[in-house]
Amino acid sequence: QDKDMKIPFSPPYIDQDIINSVCESLNSGWITTGPKVAALESELKDYLKAKSVIAVNSWTSGATLVLRWLGLKQDDEVIVPAYTYCATAMAVMEAGAKPVMVDISPRDLTIDVEKIREAITPRTKAIITVDIAGMPCQYDKIKQLLDTPQVREKYSASSDVQKKLNRILLISDSAHAVGAEYRGKTITQWVDVSVQSFHAVKNITSAEGGAICLNLPEQFDEEETRKFFKLMTLNGQTKDAFTKNQAGAWRYDIVEFGMKINLPDINAAVALAQLRKYDYLLQERKRVFELYHSLLSEYHWAILPPKSNSTFQSVYHLFLLRINPITEEQRNQIIANLSKKEIATNVHYIPMPELSLFKRMGYKSENYPQAMDAYAREITLPLYPQLTDEQVKHIVRNLVEEYYNVVNK
């Protein structure tokens, strides 16, 4: 039976409820931003304990909009980890500022708090933390750092929003981590803004999509800020299509230089149906995660990702296995061998300084030894609700076999 087992890396979870939800949108005649988006925003707000939520068409556009709202100028800096997908830095570039990359902690592959401290300058206007694989960053330590007199004294505000905030903005890239918790609070409650992703391979998907979740301090008027963000997702227009379509309501105005990044109802319909059964989806992800853990824990060479404990609650987005000791070539060989057996694995991530775009901009891989080390021996194993225990055992059996084949060659 092993012979016929073909295991894709990350197929989307689509069941009848999701299909029905999309059909409702199609049958209603309303397929762009409308009632499904409103429902998704409202249910996400409750689930993540956000002050408000604005759905957008991707993580990248959402993060870019937040940084544009912050009013970044050309030499302004935003600190990001080097070990993440390129979008984390590209949103900073889209908003006209400079990404400052820092290394990660080998413990859990999240941003190294000490490295943040070293990277802060008077030009630092924001930090984007990445909750990699569904694992929250150390938000208590990061917030403590941002509160120190040394950091506060360096801060220099140039835009109205920066003056109002009067400190570095903390944004979480929670693309992997919708619903993760740290010390009893959701990630959204720890930061100023968290941005979610609903891309096809994420824990909750809308095919493509994302959401800006606001948790700004009280000097920001919540309703006013939410309205501004809503407006900015629709070209800076004072009326959305739904309102404009009511009889006699044709007149609109363009009041800001906005973007066109609204989420259509047809996409929100998918995410909404998934959010409504997210407890079940998470339970199934946890089952797969823990089975990998128990099957691999007997091998001295398997460095396993941290399990949830009293400090943090992961959402099991990816199973980031590091193999010790191994060369990058050997890692690539294991992946290739598994692929021949129709087991799809992956690598998260090629550190950004390794990518041509960032190399040309002057980033150097040798400045990020932890990111480079993690990358060279990391293999991401399939992890999704539809995986059966049998399939997980099949993956591990073959992984172990190929590890010894390659290492003893």
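# Exercises on a predicted model

Thr 124 belongs to strand 4 (residues 124-130); strands (E, at least two residues) and helices (H or I, at least four) are DSSP runs numbered from the N terminus. The model is predicted, so local features need pLDDT of at least 70 and side-chain atom pairs pLDDT 80 or more, while totals for chains, interfaces and linings use all residues. Residues are numbered from 1 along each chain as its sequence is written, and side-chain values use heavy atoms, without hydrogens or water.

**Exercise 1.** Determine whether Thr 124 is buried or exposed, and find what its side chain reaches.

Step 1. Thr 124 has 0% relative accessibility, so it counts as buried (under 20% relative accessible area; exposed is over 50% and partly exposed is in between, with a 1.4 Å probe and protein chains only).

Step 2. The side chain of Thr 124 reaches the backbone nitrogen of Thr 121 at 2.8 Å.

Step 3. Beyond four places in sequence, Thr 124 is in contact (heavy atoms within 4.5 Å) with Glu 77, Ile 79, Ala 119, Tyr 155 and Ile 168.

**Exercise 2.** Describe the surroundings of Glu 77.

Step 1. Glu 77 is part of strand 2 (residues 77-81). Its relative accessible area is 4%, so Glu 77 is buried.

Step 2. The side chains of Glu 77 and Thr 121 are joined by a polar contact of 2.8 Å.

Step 3. Apart from neighbours within four places in sequence, the contacts of Glu 77 include Lys 98, Arg 123, Thr 124 and Lys 125.

**Exercise 3.** Describe how helix 2 (residues 35-48) and helix 12 (residues 265-275) cross.

Step 1. Two packed helices are described by the angle and the distance between their axes.

Step 2. The axes of helix 2 and helix 12 come within 8 Å and cross at roughly 35°. Axes are lines fitted to C-alpha atoms, for helices over the stretch in contact, with angles from 0 to 180 degrees between N-to-C directions.

Step 3. The crossing of helix 2 and helix 12 is left-handed.

**Exercise 4.** Find what the buried residues of helix 16 (residues 369-376) pack against.

Step 1. Ala 371, Ala 374, Tyr 375 and Ala 376 are the buried residues here.

Step 2. The buried residues of helix 16 pack against strand 12 (319-323), helix 14 (328-340) and strand 13 (378-381).

Step 3. For helix 17, the buried residues pack against helix 13 (278-296), strand 12, helix 14 and strand 13.

**Exercise 5.** Locate two cis peptide bonds and state where Glu 342 lies.

Step 1. The bond from Asn 324 to Pro 325 is cis, with omega near -15°. Pro 325 sits in the loop between strand 12 and helix 14.

Step 2. His 348 and Tyr 349 are joined by a cis peptide bond with omega about 5°. Tyr 349 is in the loop between helix 14 and helix 15 (356-360).

Step 3. Glu 342 lies in the loop between helix 14 and helix 15. Although not a glycine, Glu 342 has a positive phi of about 60°.

Methods:
A crossing is left-handed if the near helix is turned anticlockwise from the far one by less than a right angle, and right-handed if clockwise. A polar contact is a pair of N or O atoms within 3.5 Å; within protein, one must be able to donate a hydrogen and the other to accept it, and residues adjacent in sequence count only if both atoms are side-chain atoms.
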